[in-house]
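Student: I have a chain open here and want to go through it with you. Can we start with the overall picture and then pick out some residues?

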Amino acid sequence: MDREKVDRAEVTDTGRRAALAFLGAAGTTTVLAATGAAPAHGAGAPAPAHGASMAAPAHGASTAAAAPDAAPPARRRAGPRPPAAWFGAELRRIPTTRKVVALTFNAAWDESGIDVVLAELRRRKLPATFFPTGAFARAHPAAVRAMAAGHGLGNHSYSHPYFDDLDTSERQDEVRRADAAIREASGAEPLPFFRFPYSATTDESVADVNDLGYAVVEFTTDTNGYLGPEGGMTVDRVVRRAVDALAPGAVLQMHVGSTGDGVVLDARALPRIIDAAQAAGYAITDLRGFLTDEGETPD
């Protein structure tokens, strides 16, 4: 279950971030895969704490590792990738002036709410992006396949650690192992989007993830539904947090799991959140629609 992150040190890696920004602007940022045999990579788990924000106008068969702790080597990736502007910092709001909002769901422990969430999205013919951890994918492959059947899958690390406590090699190992597990469970191509556990981002850790070809997609607000009734949350409060965050390009973070009591407030609140967003003139946008087509980057 998520913990609030406090007093984390800011770690900077100015030279590498500057180089990334330059390469991204030139359209030559290296995009690496996290799988060892497929020429593609993927990219999302609970995170109540907020980090620094990126500036914005308004704010398959899988080729997974043989063992859970084996990280496949990275490869360059051909095909759709995030816009260059999405690299170099974390994204907490889609850079747009259009009245659109993205629905995203983290998956790191149980899948209690997944059937309700997917049924509601299917009934309304609306998209969402799911960010499972690799451990969740291995424990609940059927749930991950169900998510992938109609929606995009991001990457939320393998074991949901605090990335502040890891070095570059360990961070990238978490991303690669998660990608392999998500591929194996879903049989689908994961998205090149990563979401940090606990939203615990630093300049250095963002750069480490960017180096693998992933844009870091965090959130405008977490509905805090994951806290459950014992954490003082109700459906009304979940809906209020979502509605208060509505703005062009807002990214809402929710969760498909419960706190152990089987009560998934985000799943119960989802119909009201969608109704409120649409009544306010917002369309539900698909993060997959922001990917751009690019060929494989030459060595």
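Tutor: Let us start with a buried helix. In H6, the residues Ser205, Val206, Ala207, Asp208, Val209 and Asn210 are buried. Keep in mind throughout that this is a predicted model.

Student: Which residues have the most contacts inside the largest nonpolar core?

Tutor: Leu103, Phe105, Leu121 and Phe130, in a core of 44 residues. The elements giving two or more residues to this core include strand E3 (100-107), helix H2 (114-124), helix H5 (168-186), strand E9 (250-255) and helix H8 (265-279). H8 gives the largest share, 7 residues.

Student: What does Leu103 touch?

Tutor: Leaving out residues up to four places away in sequence, Leu103 touches Leu121, Pro127, Ala128, Thr129, Leu252, Met254, Leu270, Ile274 and Ile284. Apart from that core lies another, of 14 residues, including Ile94, Phe131, Val251 and Leu287.

Student: Let's move to E4. Which of its residues sit on which side?

Tutor: Strand E4 covers residues 129-132, with Thr129 and Phe131 on one side and Phe130 and Pro132 on the other. These four are all buried, and both faces of the strand are covered.

Student: In what sense do E3 and E4 pair, and over how many bridges?

Tutor: Parallel, over 4 bridges. E3, H2 and E4 together make a right-handed β-α-β unit.

Student: How many bridges join E4 to E5?

Tutor: E4 is joined to E5 (residues 152-153) by 2 bridges, and these strands run parallel. Threonine 129 has glycine 152 as its bridge partner in E5.

Student: Where is histidine 151, then?

Tutor: Histidine 151 is in the loop between H4 and E5.

Student: Buried or exposed?

Tutor: Histidine 151 has a relative accessible area of 10%, and anything under 20% counts as buried, so it is buried.

Student: What does it touch?

Tutor: Beyond residues up to four places away in sequence, histidine 151 touches Leu118, Leu121, Leu126, Pro127, Ala128, Phe130 and Arg288. A polar atom of its side chain lies 3.1 Å from the backbone nitrogen of alanine 128. For proline 127, the C-alpha atom is separated from that of histidine 151 by 6.1 Å, with the two residues 24 apart along the chain.

Student: Changing topic: what is the phi of lysine 125?

Tutor: It is positive, about 55°, although lysine 125 is not a glycine. This residue is in the loop between H2 and E4.

Student: And is lysine 125 buried or exposed?

Tutor: Lysine 125 is exposed, at a relative accessible area of 73%. Asparagine 224 also has a positive phi, about 65°, and is not a glycine. Asparagine 224 is in the loop between strand E8 (221-222) and H7, but it counts as buried, at 13% relative accessibility.

Student: Where does glycine 113 sit?

Tutor: In the loop between E3 and H2. Glycine 113 counts as buried, with 2% relative accessibility. Not counting residues up to four places away in sequence, it touches Val256, Val264 and Ala267. The C-alpha atoms of glycine 113 and arginine 268 are separated by 8.5 Å, although these residues are 155 apart along the chain.

Student: Last one, threonine 96. What does its side chain reach?

Tutor: The backbone nitrogen of arginine 98, at 3.0 Å. Threonine 96 is in the loop between strand E2 (75-76) and E3, and it is buried, with a relative accessible area of 9%.

Note on methods: Residues are numbered from 1 along each chain as its sequence is written. This is a predicted model: local features need pLDDT of at least 70, side-chain atom pairs count only at pLDDT 80 or more; totals for chains, interfaces and linings use all residues. Side-chain values use heavy atoms; hydrogens and water are left out. A nonpolar core is a set of buried Ala, Val, Leu, Ile, Met, Phe, Trp, Tyr and Cys residues joined through side-chain atoms within 4.5 Å. Buried means under 20% relative accessible area, exposed over 50%, partly exposed in between (1.4 Å probe, protein chains only). Contact means heavy atoms within 4.5 Å. Two strands pair if DSSP finds at least two bridges between them. A crossover is right-handed if, with the strands pointing away from the viewer, the path from the first strand over the helix to the second runs clockwise. A polar contact is a pair of N or O atoms within 3.5 Å; within protein, one must be able to donate a hydrogen and the other to accept it, and residues adjacent in sequence count only if both atoms are side-chain atoms.
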